[in-house]
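Here's a quick tour of one model, with the cut-offs spelled out as they come up. Have the viewer open and follow along.

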Amino acid sequence: MSQPPPIVTLPLFAKLDQRLLAFLRGLSAGEWERQTLAPRWRVMDVALHLLDGNLRTLSMLRDGYFGVQPTGDLGSYRGLVGFLNQLNADWITATRRLSPAIVMQLLEQSGREYSAFLGTLDPWAPATFSVAWAGESESLNWFHVAREYTEKWHHQQQIRQAVGRGESELLQPELFEPYLQTSVRALPHHYRHVAAPEGTVVQVVVETPERTYEWWLSRGATQWTLASEGTAQATTTVYIDGHLAWRLLSKELDAESANKHVRVAGAAWLAAPMLSLTAVMA
């Protein structure tokens, strides 16, 4: 089996931002206040969170200014998530006074600077922040950038889903495949406690009208590994609809609901962990 190659996402940031701004400019006043799948966030809040991502990255990684000092047990995953959630909540509270017009203006300006900064990073150098949901304590910049792409992708999709139109635009292969390729890198870490005989293979299939995406998760002597091609017979195959896959990966579809929308061929117990797969810090 061949290991998945590094994921190139940098050229797509500008395209994703263009689509976001075009979509936001078409929203009515009421649509800015639509509830999203994130329980505490409306459309405006998600847009503000995207703005925070741009500004926080520029401040910390480009300018070396971290501002708020970390608190709590950041050595644990839960401690880090708690700290990030508090930062997010504080930001939304403070910036809710901004108008949609101002938010879009700031998104446009900061988005250009954000993408330009990412372009200065050495893809093979260690990233300042690891991709913790993939189980890494140190990540390379190309993976950090790909992780940032998934953030921008899925938050924009939250907005589109809340408004009730435009979801399919982000499901086009050019934009959707890098999101999926990055997110499924969480699989080996997610399955780390799943005891299965060596040689067990879980095939993951995400289906859309335009394309079918496939990965093979294989159990070796000591760990699970992910491959982009498979040569061994799958022990279990999990089929996921592309319109629901992003909700599952961003923890916006609980396991019980997800179970109603996936098909499994083979050993069902090997598919069960897929229903709680998370490729966000949550």
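## Ground rules

Two residues or elements are in contact if they have heavy atoms within 4.5 Å of each other. This is a predicted model, so local features need pLDDT of at least 70 and side-chain atom pairs count only at pLDDT 80 or more, while totals for chains, interfaces and linings use all residues. Residues are numbered from 1 along each chain as its sequence is written, and side-chain values use heavy atoms, with hydrogens and water left out.

## Around T9

Let's start with T9, in the segment before α1 (13-25); helices (H or I, at least four residues) and strands (E, at least two) are DSSP runs numbered from the N terminus. T9 has 1% relative accessibility, so it counts as buried (under 20% relative accessible area; over 50% would be exposed, and in between partly exposed, with a 1.4 Å probe and protein chains only).

What does T9 touch, if you skip its neighbours within four places in sequence? The contacts are V145, A146, Y149 and P178. As for S115, 106 residues separate it from T9 in sequence, yet their C-alpha atoms are 11 Å apart in space.

## The sheet

There's an open sheet of 5 strands with mixed pairing, in the order β3-β2-β1-β4-β5; a pair needs at least two DSSP bridges. At the edges sit β3 (224-227) and β5 (262-266), each with a single partner strand, so one side of each has no neighbour in the sheet. From one strand to the next, the twist averages 20°.

Further in, β1 (residues 201-207) and β2 (residues 212-219) are antiparallel and share 7 bridges. V206 faces Y213 in β2.

## Helices on the sheet

Helix α7 (residues 173-183) packs on the sheet, touching β1 and β2, and its direction makes about 10° with that of β2. Axes here are lines fitted to C-alpha atoms, for helices over the stretch in contact, with angles from 0 to 180 degrees between N-to-C directions. Helix α9 (residues 242-249) lies across β1 and β4 (236-241), at about 100° to β4.

## α7 against α9

These two helices also pack on each other, at about 40° with axes 11 Å apart. That makes α7 oblique to α9 (under 35 degrees is roughly parallel, over 145 roughly antiparallel, 65 to 115 roughly perpendicular, and the rest oblique).

On the α7 side, F176, Y179, L180 and S183 meet G242, A245, W246 and L249 of α9. Sorted by type, the contact has 6 nonpolar residues, 2 polar and no charged (Ala, Val, Leu, Ile, Met, Phe, Trp, Tyr, Cys and Pro are nonpolar; Asp, Glu, Lys and Arg charged; the others, Gly among them, polar).
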